[in-house]
Each structure stands twice: as C-alpha cells, then as structure tokens.
Amino acid sequence: MKCSLIIPTYNGSHKIGNLFDSLQAQSYRDFEIVVVVDGSTDNTVDIVESYRTDLSKLRLVVTENQGRSKTRNAGAQNSEGDLFIFIDDDVIADIDLVQKHIFFHMNNPGSFILTGTHRELPGETDIQKYRESLAVFWHSRYKEKVTKVGFDNLYFAAGNCSIPKTIFYQLGGFDERLLNVEDYDFAHRALKAGVPVFFNKEIMATHCDLISCKSYIRRQREYDEGKRQRNRINEIAERKFFVKHLLYRFLAFNFLVRLIDKNYFVILPKKMRYKFYDLVIHSLSVEYPTIQLS
C-alpha cells in the first residue's frame, strides 16, 4: 500500500521541525511526505528544504494563502499514495504512527475513514491544563481501543487521520467553501455516504498546541463562525435561547480573560474553575463574539 503523508502548514517554521524529527524516527519509512505551505510569510520553506537529505521522499507545494480545506485538497492532488494520512504541523508522531495507520487499513479493507487521536502537550498554565482536560473528556466517549463512530458520537479533527485515496475523492475532498469545521463536515459526509468511520486510540500523536485563554477564545470564535457558515450552506436552522444569551453577558468581560491567563482562579476547586472557564470562553466566543479582546 503506497502511503502519502499530507501536511498543511501556515507560518509553521517554529513547530514543523518537531514533526519532521518524529517522521525520521518512524518504524516504517516507505512513505512520501507532501508539505503544502499555505502562503506563509515566515521561513517555513527553508525549514522544509533543510530536511530533504534525511527525508528523501519529500515534496513541497507552495500556494497563496487559501485556508485549510484548499490546502489539504492541494496536498491530496499532489500525492501519489493509495492511502492519505493527514498530519498537522503542530504534532509529534509516535514512532509507529505510520505503521499502525497502514496496518489498520490493510486489515480492515473497504470503504472507510480512520480517525486517530491526540495527546495534548502537558502545560504549566492552568488554561493549558484545562485544555488537556477537554481532550480527555472528548476522547472518553470512545470506550474501546477501536470504536465505530456514528452521528451520535462524532468527534473528528484532521490533525491525525487517514483515508484511502479512492474514498477521499468519492466524498469530494474537503469542502473548500468552509474556512473552519471542514474536518467535521468531511466526517459527517462520510457517515451520510455509508463510509465506516472508526476512532482508534492506538494511533497516537502529541498535539503541541500551547494556548492562552485569549488565543483559545479567538480560535473558538473562528470555529463557531465555521459552524454557522456550514449551517447556512446546508440550510440548517440555528437556534439561540434569549434568556441564556442575556445571562452569558455577565461573563463576557475582558478582565476575566486576563485573570484566567494569570492563573488567578487556581484557588478554586478544579471542577468549579474549569466550569467557570467553560462559561467565560463560551460567552466570548459563541454568545458575544464581537466584543474586542484586549
């Protein structure tokens, strides 16, 4: 089975080297790497080029800035493999990640997508530990090592996943109209098309994503706008509960974000303060996304 690792990156010079180091150490090495630099303004291209000697099957594609959907699709279009493994530039792959992706597909032939899982990079700040707890919660819905995924338990991030080339194109690739939630939309379309979707806890990568409360709110704003965009495309009605919307206004304040980032609330019990973080982040990302963060 020919395998292509597709890596989209935007201004990833400070992190993509960690991924390449982990790919050099893979237990299975017969794969090509297709890196799509999405209009970066840093020295990502130079970093990628510096690995050509050690990663001989390395292909570099440079595009104008076009977003994750188009970038991932461009990687697929420039790949020769029968199996696409999508890897984000901010992960570190376990030594047997590629081998396990291939092994799973060889032993489960047919039309399906495989969803891998991430560990979160341990952090010292309380908001980083909060993010780690969210990852544990999201993954807890999958009780087995390999779980069949349906509409009721769909959780999907394209930072570590694989799918046969033929199925990828049957599904039409990632929806290039979407600037966010393109990965969830892709998995949702796979389920609608009858493609078996699996969540595999054994195919691991470490997600090196250090956040602050402010940066996480900004990201959640982008994600929520992506959900609204997807709803408009699919003509899905949105509901907003007016009373809850008003109640969230009492938590939509910049000073709370600053206090969270300064670890001010660590005096509270963890369960209580993480729930408080949930409420503040939801208030400023979903309910009141126009409030300027300072």
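**Exercise 1. Find which residues D185 is in contact with, leaving aside its neighbours within four places in sequence.**

Solution. Step 1: contact means heavy atoms within 4.5 Å. With neighbours within four places in sequence left aside, D185 is in contact with D175, L178, R230 and N234.

Step 2: a quick word on what you're looking at. This is a predicted model, where local features need pLDDT of at least 70, side-chain atom pairs count only at pLDDT 80 or more, and totals for chains, interfaces and linings use all residues. Residues are numbered from 1 along each chain as its sequence is written, and side-chain values use heavy atoms, with hydrogens and water left out.

Step 3: now pick out R230. Its side chain makes a polar contact with the side chain of D185, at 2.9 Å. (A polar contact is a pair of N or O atoms within 3.5 Å; within protein, one must be able to donate a hydrogen and the other to accept it, and residues adjacent in sequence count only if both atoms are side-chain atoms.)

**Exercise 2. Is D185 buried or exposed, and which other residues of α7 are buried?**

Solution. Step 1: buried means under 20% relative accessible area, exposed over 50%, partly exposed in between (1.4 Å probe, protein chains only). D185 has a relative accessible area of 3%, so D185 is buried.

Step 2: look at where D185 sits, in helix α7 (residues 182-192). Helices (H or I, at least four residues) and strands (E, at least two) are DSSP runs, numbered from the N terminus.

Step 3: eight of the 11 residues of α7 are buried, so the helix is mostly covered. Besides D185, the buried ones are E182, D183, F186, A187, H188, A190 and L191. Just after α7, G194 takes a positive phi of about 85°.

**Exercise 3. Work out how α8 and α11 lie relative to each other.**

Solution. Step 1: helix α8 (residues 213-233) and helix α11 (residues 270-287) pack at an angle of about 40°, with their axes 8 Å apart. Axes are lines fitted to C-alpha atoms, for helices over the stretch in contact, and angles run from 0 to 180 degrees between N-to-C directions.

Step 2: angles under 35 degrees count as roughly parallel, over 145 as roughly antiparallel, 65 to 115 as roughly perpendicular and the rest as oblique. α8 and α11 are therefore oblique to each other.

Step 3: see who touches whom. On the α8 side the contact is made by C213, Y216, I217, Q220, R221 and D224, and on the α11 side by I281, L284, S285 and V286.
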